[in-house]
Amino acid sequence: MPEVSYRHRLEITGKVSRSLVEEISRVKKEPEWMRNLRLRALEFFEKARTPQWLPFIEKIDLDEITSLYVKPDVEKAEKWEDLPEEIRKIYEKLKLPESYAKYLAGLTSVLDSESVFIGVKDYLRKLGVVMIPMEEAVVKYPDLVREYFSRVFPYTDHKFAALHYALWSGGVFVYVPRNVKVAYPVEAFFFVGREMEGQFEHSLIVADENSEIVFIEGCSAPRLRRESFHDGMVEIYAHKASKVSFITVQNWSRNIINFNNKRAIAEEGATVDWVEGSIGSKFTVTYPSTVLRGEGSSTTSTVMSISRGGVVKDTGSKVIHAAPRTTSRVTSKSIVADGGVSIYRGLVQVNKGAKGSASYVECESLILDEKSQSHTYPIVHLLDDDASVGHEASTVKLDEDQVFYLMSRGLRRSEAVSLIIHGFIRDVLKKLPFEFAVMMTRVLDAEFGEYGGVG
Amino acid sequence: MSIEGDFIGDSPTIRRYIEPREYLKDVEESRREGLAGKGVTVAGGVVSGGAGSTWQPPGCFSIYCQVHKTLNPETLVVDAGPDTHTRVDIDVGEGLLPLNLVLNLPDPNLRVVEFNVKGGGLLSAWVRIRGGSGRRLVLKLNLPEGRASYIGVSEECKGCSGERAVILESSRTLRVEEFIRVESSSFRGKNIAVAENGSKLDWETRGVAAGDSPLLHLHGLAVGAGGSTTALRGVVAVDKNSRRGSVVYGLDSIQLDGRSLMQPKLEVYTSEVKEARHYARNVRFTADQLFYLSSRGLSTREAYVLLLTGLAKTGVEDPGVSFLLEDVFRQILLKLGLPG
Amino acid sequence: MLEVDNLSVEVNGVTVVRGVSFRIKRGEIVVLMGPNGSGKTSLAYAIMGHPFYKVVGGRVLLEGEDVTKLPPNEKARRGLFLFFQNPVEVRGVSLLDLAKAVFEARGLPGSGVEKLVLETAEKAGLKKTLLTRGLNEGFSGGEKKRSELLQAMLLKPRCLIMDEPDSGLDVEGVRLLADFIRERTGEGACFLLITHYPNLLNYVTPSKVLVLAKGVVKAEGGIELVEKISREGYNGLV
């Protein structure tokens with residue numbers, strides 16, 4: 001029988017105390033309903049069964065997590081030279097302006113060229129777009145927040161969602177008013193900066209009828225994180241005919257276990273696009289999901305993951321077609337090398353009554369060496385017989401014939417391999433805003449440029 | 001049963017349709033009815049008792065299989081005769097019939113083996129197919145309405161090649177498990193499952209491709225009629241030490257009337273693979289396709305038979321197997337409620 | 001003989017053909033031309049009976065019988081044939097499978113079909129390998145037309161509607177098509193030929209040319225109408 005290392009049981013040790021959660025709420029001056037939500041979530045977390053279908057994670061220590069929560073600034077680097085060498089090297093390869101690199105590395109708390117972004121902030125303000133830290137929104141727009149908070153992704157969904165709700169802190173709240181179309185992609189990082197750095201940040205994006213926004217979370221340059229466990233969440237509510245694109249590029253240091261809970265609800269005629277580029281971390285679990293609740297709504301999900309070395313990427317997409325004539329399209333590309341592991345988990349479900357719906361899922365995985373693994377676990381669940389659904393996936397290895405061909409045209413092996421990898425990823429890069437695509441390309445070169453193997 | 005604790009862990013989605021606990025209840029009830037029915041008779045072959053056989057189903061990973069072992073199944077060996085056709089009548093009566101069946105195929109000739117189940121009792125059976133290189137088999141299984149039942153099929157092909165088509169017609173809750181291990185050889189399998197009369201079918205496959213240049217191509221087709229639920233799922237893995245493997249695991253499902261679940265998992269443990277892909281598609285015949293066939297003189301019903309038979313033959317290489325498969329499948333279709 | 005009498009057709013509530021009338025006698029060829037979107041294919045589909053193309057007025061008569069409300073297969077059994085401009089792909093069903101099914105449906109013996117198809121494939125210039133593949137799957141434009149031609153040759157219909165049969169065909173293929181049309185008209189079949197290119201008309205002679213624009217017959221004439229259009233386009237007429 002194939003060796004599947006699902007043998008260890010995930011152990012959760014330590015405890016999150018009720019008083020800690022109450023204290024968190026008190027310090028943030030939250031309304032009662034929020035405090036109650038936290039406590040109910042904590043209760044659920046304690047009762048819920050530990051999921052055993054996540055391979056490769058053995059232990060999560062809550063005491064460690066909560067101690068870091070309380071004292072987040074312990075052991076931060078003070079000087080450029082204090083940064084780990086591998087991170088400094090990558091910044092150099094990416095040719096980042098020093099000020100930016102320092103900011104990312106956490107050495108400065110204010111971005112020197114912040115003035116550039118004041119113009120964009122102004123633009124948003126004039127449109128009536130609300131973009132403020134989540135905690136501020138809870139206090140400033142309580143009714144608006146209460147209407148949507150935890151409605152897209154309930155804490156009862158799974159154990160770590162509940163943990164998230166008990167401890168959430170940071171994140172951004174975005175509200176785009178009716179008929180407002182935000183012309184430029186908005187990068188969360190530069191607006192709420194530190195707020196996006198939390199272990200349990202919660203972002204909520206509400207797009208009112210006929211509005212449009214492209215939101216970018218994270219960045220492709222490596223980020224040094226002290227804590228080892230991240231359990232963030234993104235909720236998106238796309239009202240009728242609105243269009244929301246949510247782009248995540250994640251490149252965290254190699255000690256992170258990263259849970260990313262993402263879900264959207266799309267109303268009639270709305271479109272939600274998820275784009276996910278996952279480069280860093282030790283273990284990432286993320287399944288951007290969309291519930292197509294309104295007739296004619298649609299969603300796309302483009303996921304790219306890189307697992308190099310002992311890295312595990314457990315990514316995928318979930319789409320629930322809950323209304324007629326809804327469409328979805330999922331594209332997943334993963335590259336594994338050096339003993340990396342890539343897992344794709346997908347669900348396409350067509351509920352009864354979702355007539356005339358169509359879905360197409362395409363996954364491709366590129367394995368670069370014998371030590372690595374790639375697994376695909378799709379589920380197609382059809383409760384109505386009037387739907388057109390297809391899922392196709394293939395796992396390929398580096399085509400030596402292609403490499404030979406490119407080398408015969410004068411390229412070194414490493415250059416040939418780089419070119420092939422770019423070709424493989426091209427569909428995903430197309431979806432990223434230009435600067436990100438450029439950054440991603442540089443990151444790929446940095447990661448795989450030296451990957452030549454023999455020859 | 002103490003087995004429960006460890007094994008009731010199947011996916012919540014599947015358990016919504018076939019709950020293992022219900023099966024355990026069925027086993028208890030039918031046991032009380034006693035071992036009834038006339039057992040097994042064979043036409044076109046020879047059946048003998050496999051006394052002292054200690055064969056265990058490979059990879060007993062489910063509660064159904066664990067329960068099967070505790071039922072002390074009788075082992076029978078069926079040697080397929082010289083003719084193409086062998087029929088095995090299994091009379092379950094109204095009780096319980098636990099069975100381990102070894103099917104011996106003596107030569108590479110094309111064979112049709114038909115398992116005809118009679119009675120509404122509970123059948124818990126493992127079928128172990130043994131044969132030499134180049135064997136070609138069309139296996140037909142028919143289960144009328146009755147208690148939930150369990151059938152396991154295993155195929156071992158070390159250094160030999162084969163092609164097999166299974167056509168299953170079921171009107172009862174049925175759990176099918178399939179185990180195929182290919183080592184440095186090739187195996188093509190086509191599984192067609194027709195679920196009728198509001199029945200539920202859960203077919204789980206475990207496949208492994210190992211060794212040098214293994215070929216494992218599995219294609220499944222689920223036809224759900226009369227409000228049935230079909231679940232086709234499984235794992236096919238490319239072994240870490242295999243070289244130049246070619247693995248295809250594809251599932252098609254057509255819902256004439258009913259629900260469908262497909263979950264083809266693919267695990268690849270090495271980069272030394274020639275081809276590794278899978279797909280899950282549901283089939284809908286478009287208005288344009290139906291119009292085209294109609295413009296050639298076919299009624300809607302005739303068009304459906306043509307299209308479904310085409311789907312049935314997809315993935316089948318051997319023309320002999322394809323021809324017989326088409327014939328058997330067509331007979332089933334004619335009884336089914338097709339549109340038009 | 002095919003008669004179309006004051007036919008009006010709606011698709012999704014939009015009228016695409018309005019009050020079209022013409023008659024094609026046995027052995028006759030009528031050419032239908034018109035700019036893109038004029039309703040030519042819609043007319044062809046409606047005559048054949050596609051469920052989305054609703055006949056909201058008028059009649060279609062085949063050999064004197066009113067077949068307007070009949071489903072496509074009934075019309076086919078009565079000798080009507082539609083040569084598709086863009087035949088649909090059918091996974092898992094090969095030309096051979098289709099031929100066998102069609103013959104069986106008409107009560108003709110199934111044996112010998114394979115041989116007949118092979119012979120006809122040679123006549124139609126269609127590679128043998130395409131006979132066992134899924135219908136039209138991965139076929140080139142020319143191959144799709146030859147596949148349609150093969151079917152027409154096999155079924156020997158009495159009245160053929162050909163929707164741009166020559167587009168995508170090489171010179172050899174066009175000549176083959178012309179030979180077929182000539183042979184069949186000699187045997188009394190009638191043809192409604194929808195075409196853009198005067199190419200084919202170098203080989204066959206229509207008795208009438210109709211020009212359709214925005215769903216209505218805008219001009220009627222003889223072969224000289226074709227020459228006029230190839231010189232001046234449709235501008236003067238529509």
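**View 1. Chain C meets chain B.** In this predicted model, 24 residues of chain C are in contact with 18 residues of chain B. Three elements of chain C each give two or more residues to its side of the contact: helix 2 (72-77), strand 7 (90-94) and helix 3 (95-105). Helix 3 of chain C gives the most, with five residues. Sorted by class, the side of chain C that touches chain B has 16 nonpolar, four polar and four charged residues.

**View 2. Helix 3 of chain C is mostly covered.** Eight of the 11 residues of this helix are buried. They are C:L95, C:D97, C:L98, C:A99, C:A101, C:V102, C:F103 and C:A105. What do the buried residues of helix 3 of chain C pack against? One partner comes from chain B: helix 6 (300-313). The others belong to chain C: strand 7, helix 4 (113-124), strand 8 (134-135) and helix 5 (141-155). After helix 3 of chain C comes C:G107, with a positive phi near 75 degrees.

**View 3. An open sheet in chain C.** Four strands of chain C line up in the order 2-1-4-5, with antiparallel pairing. Strands of a sheet pair through backbone hydrogen bonds. Which strands of chain C are the edge strands? They are strand 2 (14-24) and strand 5 (65-66), and each pairs on one side only.

**View 4. Strand 4 joins strand 5 in chain C.** Strand 4 (residues 53-62) and strand 5 of chain C run antiparallel, joined by two bridges. C:L61 has its bridge partner in strand 5 of chain C: C:D66.

**View 5. A helix lies across strands in chain C.** Helix 1 (residues 40-48) of chain C lies across strand 1 (2-11), strand 2 and strand 4 of chain C. The angle between helix 1 and strand 1 of chain C is about 110 degrees.

**View 6. Confidence in the prediction.** The model scores ipTM 0.87 and pTM 0.85. Chain C averages a pLDDT of 91, and 100% of its residues score at least 70.

Notes. Residues are numbered from 1 along each chain as its sequence is written. Chains are lettered from A and ligands numbered from 1 in the order in which they are written. This is a predicted model: local features need pLDDT of at least 70, side-chain atom pairs count only at pLDDT 80 or more; totals for chains, interfaces and linings use all residues. pLDDT is the predictor's confidence in each residue, from 0 to 100. Two residues are in contact if their C-beta atoms, placed from the backbone, lie within 7 Å. Ala, Val, Leu, Ile, Met, Phe, Trp, Tyr, Cys and Pro count as nonpolar, Asp, Glu, Lys and Arg as charged, and the others, Gly among them, as polar. Two strands pair if DSSP finds at least two bridges between them. Axes are lines fitted to C-alpha atoms, for helices over the stretch in contact, and angles run from 0 to 180 degrees between N-to-C directions. A residue is buried if 20 or more other C-beta atoms lie within 10 Å of its own, exposed if 12 or fewer, and partly exposed in between; C-beta atoms are placed from the backbone.
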